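User: I am new to this kind of model. Please show me how to read its features.

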Amino acid sequence: MIVCVCHRVSDREIARHVRAGMDFDDIQFELGVATQCGQCESCARDVVAQCSAAAPVAAIQLASSITEGRAWTSQQALGPV
Ligand code: FES
């Protein structure tokens, strides 16, 4: 989905930049999002917030599955390699 029509920036492109460690200001500088008419700013900020919130949860879930031994159990369920 195109978020910024003026600069033709998609939600996927914003998400890719968030995963690279950029915040909204970095992305705005890099891609020009919300620098022309400004109509896309709230939507772009929402995309950044959703992507920023998703990464730490995934990391926590992965870490807890390792410490609780579930990762090992799931490997055992696959049988011998
Ligand atoms: S739609 Fe993004 S600046 Fe106009």
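Analyst: A residue is buried if 20 or more other C-beta atoms lie within 10 Å of its own, exposed if 12 or fewer, and partly exposed in between, with C-beta atoms placed from the backbone. Helices (H or I, at least four residues) and strands (E, at least two) are DSSP runs, numbered from the N terminus. This is a predicted model, in which local features need pLDDT of at least 70, side-chain atom pairs count only at pLDDT 80 or more, and totals for chains, interfaces and linings use all residues. Residues are numbered from 1 along each chain as its sequence is written.

User: Which residues of helix H1 are buried?

Analyst: An α-helix has 3.6 residues a turn, so residues three or four places apart point the same way. In helix H1 (residues 11-19), the buried residues are Ile14, His17 and Val18. They lie on the same side of H1 because they cover an arc of only 105° around the axis, taken from the directions from the helix axis to the C-beta atoms. Exposed Arg12 and Arg19 are carried on the face turned away from that buried side.

User: Where does Arg8 lie, and is Arg8 buried or exposed?

Analyst: Most residues other than glycine have a negative phi. Arg8, not a glycine, has a positive phi of about 50°. Arg8 sits in the loop between strand E1 (2-4) and strand E2 (9-10), and counts as exposed because it has 12 C-beta neighbours inside 10 Å.

User: What about Ala34: buried or exposed?

Analyst: Ala34 is not a glycine either, yet has a positive phi of about 60°. Ala34 is in the loop between helix H2 (24-31) and helix H3 (41-67). With 22 C-beta neighbours inside 10 Å, Ala34 counts as buried.
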